[in-house]
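Thanks for coming. I will take this one piece by piece, so please have the view open while I talk.

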Amino acid sequence: PYEHMQKIREQNISPSLRMYYKKPLLLHQGHMQWLFDYEGRRYLDLFAGIVTVSVGHCHPKVTVAAQKQLARLWHTTNIYMHPSIHEYAEKLTSFLPDPLKVVYLTNSGSEANDLAMFMARLYTRNFDIISLRGAYHGGSPYTLGLTSVGLYKHSVANGFGCSTTMLPDVFRGPWGGSHCRDSPVQTVRKCSCSEGWLFTNTFSNLQLTDCIMCVCHANDQYIEQFKDTLNTSVPKTIAGFIAEPIQGVNGAVQYPRNFLKEAYQLVRERGGICISDEVQTGFGRTGSHFWGFETHGVVPDIVTLAKGIGNGFPMAAVVTTKDIASSLAQNLHFNTFGGSPLACVVGAAVLDAIEEDGLQKNSEEVGTYMLLELAKLRDKFEVVGDVRGKGLMIGVEMVTDKDSRHPLPGEEINQIWEDCKDMGVLIGRGGLYSQTFRIKPPMCINKKDVDFTVEVLNTALQKHME
Ligand code: PMP
């Protein structure tokens, strides 16, 4: 059946959908943090269907809720009332601070960010949007303008020039990596101060050359860059600024302390609104807080939610203020599937599971344990350039050596990654050169799973060094 499926893939499935591993996995079952293939092999899933299976594969509570609703009513479209959308909107917003109380349900993160941009423009009557380098905000033609991770840029976009996007009105703030750089530029080194090394010391995808910094003292320079972007690219007016609290696809890249806070202030002074893309960081994943924006001490004007919101069920949301939401009210703004009874029931069950299973607290405890254990590998192996992140949103960056911080060549990273898979651990990849291992498991994993992960990574790294 495997060869037959490969043949179908070649003929009937888009070539843009690339699979992980030399021999892609053929999976048939999932249970909580575990996946099983057809040969009965069990894998610890540290990537959760790309940060989506938040509470666990086939979580019993969510599964039962979905099954019950499947037998009752799947779909109405929003021209009729059904209780589930009301219950869900009330429940979801109870997790968000004032004034973020109005929900619009969509089907994907891209669609949510499309709508957030649209609202920012309608509300402010301005046009320009700023996103950060290294950001990923979606794959729709509109959000591709916000996304700057190069692999996702199609040549039609590149044809406009190296750092431009499909939309001429999206400007890039000073963050992350450039998708048009020819050679890896070494920008970041180990910080000399004692703070910041463990979790958040480096930003190796940084756009700037010759900067040596960490979260402890990088902020001034970046805020100055951000001001520059505002002053030069968006001189008069701005509609909005969008950022992930931690850059996900870019490999758990974090900002200097207070960067977002100051950026929000600058944007608001110029009449723009601030959008927090919580597609990866939301729903307790960062551990200390339920939402990523809370870890920065800011309250956005719009938040966008997807992935973990439905534990794998296709659903997403935009939550904003009453005032901003009213900008849509002049017209019908409609999508067919958003807010279906099925999605709303699943979404509510996910929120219940997070609370009942204590998953935010677990993210904090197990995530911190994971970071500390991985840091031991960083200290032991020259090729582990950085371990960073927060809660269960972790990046392990692979480098040739800690001094140059060149990305480890692809074949070498691939071998370590394949070996981990063969030993039963599935890890994600990210960063400008795909040089960062991304660890973002279902939030139900435990310390034993961490020990297993570290043991497997240690073995794979040891083999690499031989
Ligand atoms: N925002 C972020 C931060 C994401 O990571 C992603 C998906 N990787 C999206 C938006 C887009 O979500 P979707 O794939 O559901 O359109």
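I start with a pair of helices. In this predicted model, helix α13, residues 410-422, packs against helix α14, residues 447-465, at an angle of about 140°, and their axes are 9 Å apart. Roughly antiparallel would need an angle over 145 degrees, so α13 and α14 count as oblique to each other. The crossing in which α13 passes α14 is right-handed.

Which residues make that contact? From α13 there are Glu412, Gln415, Ile416, Asp419 and Cys420, and they meet Val456, Leu457, Ala460, Leu461, Lys463 and His464 of α14. Sorted by class, the contact of α13 with α14 has six nonpolar, two polar and three charged residues.

Helix α14 also packs against α12. The axes of α12 and α14 cross at roughly 20° and come within 10 Å. That makes α12 and α14 roughly parallel to each other, because angles under 35 degrees count as such. The crossing of α12 and α14 is right-handed.

On the α12 side, the contact residues are Val366, Tyr369, Met370, Glu373, Leu374 and Leu377. Their counterparts in α14 are Lys447, Val450, Val454, Leu457, Asn458 and Leu461. This contact of α12 with α14 divides into nine nonpolar residues, one polar and two charged. Leu457 and Leu461 of α14 are listed here, and Leu457 and Leu461 are also in the list for α13.

Now the sheet that goes with α12. Helix α12, residues 359-380, lies across β11, β12 (393-398) and β15, and it runs at about 170° to β11. The sheet itself is open and antiparallel, with four strands in the order β11-β12-β15-β14. What stands at its edges? That would be β11 (384-390) and β14 (428-430); each has a single partner strand, so one side of each has no neighbour in the sheet. Direction ignored, neighbouring strands of this sheet are turned by 25° against each other on average.

If you want a residue pair to find on screen, Gly428 stands opposite Arg438 in β15.

On to the other sheet. Here too four strands form an open sheet, in the order β1-β2-β3-β13, but the pairing is mixed. The edge strands are β1 (27-31) and β13 (425-426), each with a single partner, so one side of each is left without a neighbour in the sheet.

Let me walk through the hairpins. β1 and β2 run antiparallel and are joined by four bridges. Gly30 has Leu35 in β2 as its bridge partner. Two residues lie between these strands in the hairpin, and Met32 in the turn has a positive phi of about 50°.

Strand β2, residues 34-37, then pairs with strand β3, residues 42-45, over three bridges, again in the antiparallel sense. Two bridge partners here: Leu44 in β3 for Trp34, and Tyr43 in β3 for Leu35. So Leu35 is listed as a partner towards Gly30 as well as towards Tyr43, with bridges as DSSP finds them. The hairpin of β2 and β3 has four residues between the strands, and Gly40 in the turn has a positive phi of about 85°.

Two backbone points to check. Most residues other than glycine have a negative phi, and most peptide bonds are trans. Ala48, in helix α2 (residues 48-51), has a positive phi near 55°. The peptide bond from Asp98 to Pro99 is cis, with omega near 0°. Pro99 lies in the loop between α4 (83-94) and β4 (102-106).

Last, the ligand. Which residues come nearest to it? Of the 15 residues around the ligand, those are Ser108, Gly109, Ser110, Gly138 and Val279. Helix α5, residues 109-124, gives the largest share of the shell, three residues. By class, the shell has four nonpolar residues, nine polar and two charged.

That is what I have. I can go back to any of these views.

Terms used:
Residues numbered from 1 in each chain as written. Predicted model: local features only at pLDDT ≥ 70, side-chain atom pairs only at ≥ 80, totals over all residues. Near = placed C-beta within 6 Å. Nonpolar A, V, L, I, M, F, W, Y, C, P; charged D, E, K, R; others polar. Axes fitted to C-alpha atoms, helices over the stretch in contact; angles between N-to-C directions. Parallel < 35°, antiparallel > 145°, perpendicular 65-115°, else oblique. Left-handed = near helix turned anticlockwise from the far one by under 90°. Contact = placed C-beta atoms within 7 Å.
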